[in-house]
Amino acid sequence: ADHATLYDALGGRPGVEATVENLMYRIADDPTLVGFFTNTNIDHFAASLEQQLCDLADGPCHYDGPPMDRAHQHMGITNADFNRLVGHMEQALIAEGVLLGARNRLLGRLAPLHGEIMRRQSPPAH
Ligand code: HEM
């Protein structure tokens, strides 16, 4: 039998698509985060995030979008914003029925992206 991947535990392609869709509504409903996405093509963002999650979870995908530092540069994202978005991701995974072990494995693979996402944020105003 094939080795079961984290991707399988996330529900495969339908599971990842449902999780990302769920996350989009949580972002849209969060006044702290929604403003970051004012000029974003949400369909493109969702498709790119699905591909990235599939890749990170050892699914049959290769993320070919921009590196995380470039994708997020100069948005003024704070650590609190980062934690908020990851918290929404966790709630989206719960809502889609992904079990604790798989949730934590995925979140553990997202955590190392923090440094890249924060690398090129605008310096704080004095
Ligand atoms: C682990 C956390 C995160 C991951 C995995 C992630 C992943 C991604 C990916 C894959 C894209 C699409 C890149 C592209 O194809 O152009 C993207 C874009 C974007 N992300 Fe994130 N992101 C994270 C955190 C955040 C946070 C904390 C914010 C803001 C609070 C944010 C705001 C955005 C915005 C606004 C875009 C769209 C930029 C555009 O319109 O081109 N992201 N992110």
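The crossing of α5 and α6 is right-handed; a crossing gets that label if the near helix is turned clockwise from the far one by less than a right angle, and left-handed if anticlockwise. This is a predicted model, in which local features need pLDDT of at least 70 and side-chain atom pairs count only at pLDDT 80 or more, while totals for chains, interfaces and linings use all residues. Residues are numbered from 1 along each chain as its sequence is written. The helix names follow DSSP runs (H or I, at least four residues, for helices, and E, at least two, for strands), numbered from the N terminus.

Two packed helices are described by the angle between their axes and the distance between the axes. For α5 (residues 79-95) and α6 (residues 100-110), the angle is roughly 155° and the axes come within 10 Å. Here an axis is a line fitted to C-alpha atoms, for helices over the stretch in contact, and the angle runs from 0 to 180 degrees between N-to-C directions. The pair α5 and α6 is therefore roughly antiparallel. That word is kept for angles over 145 degrees, with under 35 counting as roughly parallel, 65 to 115 as roughly perpendicular and the rest as oblique. So who meets whom? On the α5 side there are Val-86, Glu-90 and Leu-93, and on the α6 side Arg-103, Leu-106, Leu-107 and Leu-110. Two residues are in contact if their C-beta atoms, placed from the backbone, lie within 7 Å. Sorted by class, this contact of α5 with α6 holds 5 nonpolar residues, no polar ones and 2 charged ones. Nonpolar covers Ala, Val, Leu, Ile, Met, Phe, Trp, Tyr, Cys and Pro, charged covers Asp, Glu, Lys and Arg, and polar takes the others, Gly among them.

Helix α5 also packs against α2, at an angle of about 130° and with the axes 9 Å apart. This makes α2 and α5 oblique to each other, and α2 passes α5 in a right-handed crossing. From α2 come Thr-19, Asn-22, Leu-23, Arg-26 and Ile-27, which meet His-88, Met-89, Gln-91, Ala-92, Leu-93 and Ala-95 in α5. This time the contact splits into 6 nonpolar, 4 polar and 1 charged.

Next up is α2 (residues 12-28) with α3 (residues 42-56), where the angle is about 135° and the axes are 10 Å apart. That angle makes α2 oblique to α3. Again, α2 goes past its partner α3 in a right-handed crossing. In α2, Val-16, Glu-17, Val-20 and Met-24 do the touching, and they meet Ile-42, Ala-46, Leu-49, Glu-50, Leu-53 and Cys-54 in α3. The contact of α2 with α3 has 8 nonpolar residues, 2 charged ones and no polar ones.

Helix α3 itself has 15 residues and reaches 21 Å from its first C-alpha to its last, close to the 21 Å expected at 1.5 Å a residue. The expected span is 1.5 Å times one less than the number of residues. Gln-52, Leu-53, Cys-54 and Leu-56 are buried in α3, and their cover includes α1 (6-9), α2 and α6. "Buried" means that 20 or more other C-beta atoms lie within 10 Å of a residue's own, "exposed" means 12 or fewer, and "partly exposed" is in between, with C-beta atoms placed from the backbone. Leu-56 and Ala-46 sit 10 residues apart in sequence and 15 Å apart in space, C-alpha to C-alpha. Cys-54 and Arg-109 are 55 residues apart along the chain, with 12 Å between their C-alpha atoms. Arg-109 lies in α6 and, with 15 C-beta neighbours inside 10 Å, is partly exposed.

Just after α3, Asp-58 takes a positive phi of about 65°, in a residue other than glycine. Asp-58 belongs to the loop between α3 and α4 (68-71), and is partly exposed, with 14 other C-beta atoms within 10 Å. His-74, in the loop between α4 and α5, is not a glycine either, yet has a positive phi of about 60°. Is His-74 buried or exposed? With 8 other C-beta atoms within 10 Å, His-74 is exposed. His-72 is found in the loop between α4 and α5, but counts as buried, with 20 C-beta neighbours inside 10 Å. Leaving out residues up to four places away in sequence, His-72 touches Ile-77 and Ile-117. The C-alpha atoms of His-72 and Arg-120 are 7.4 Å apart, with the two residues 48 apart along the chain.
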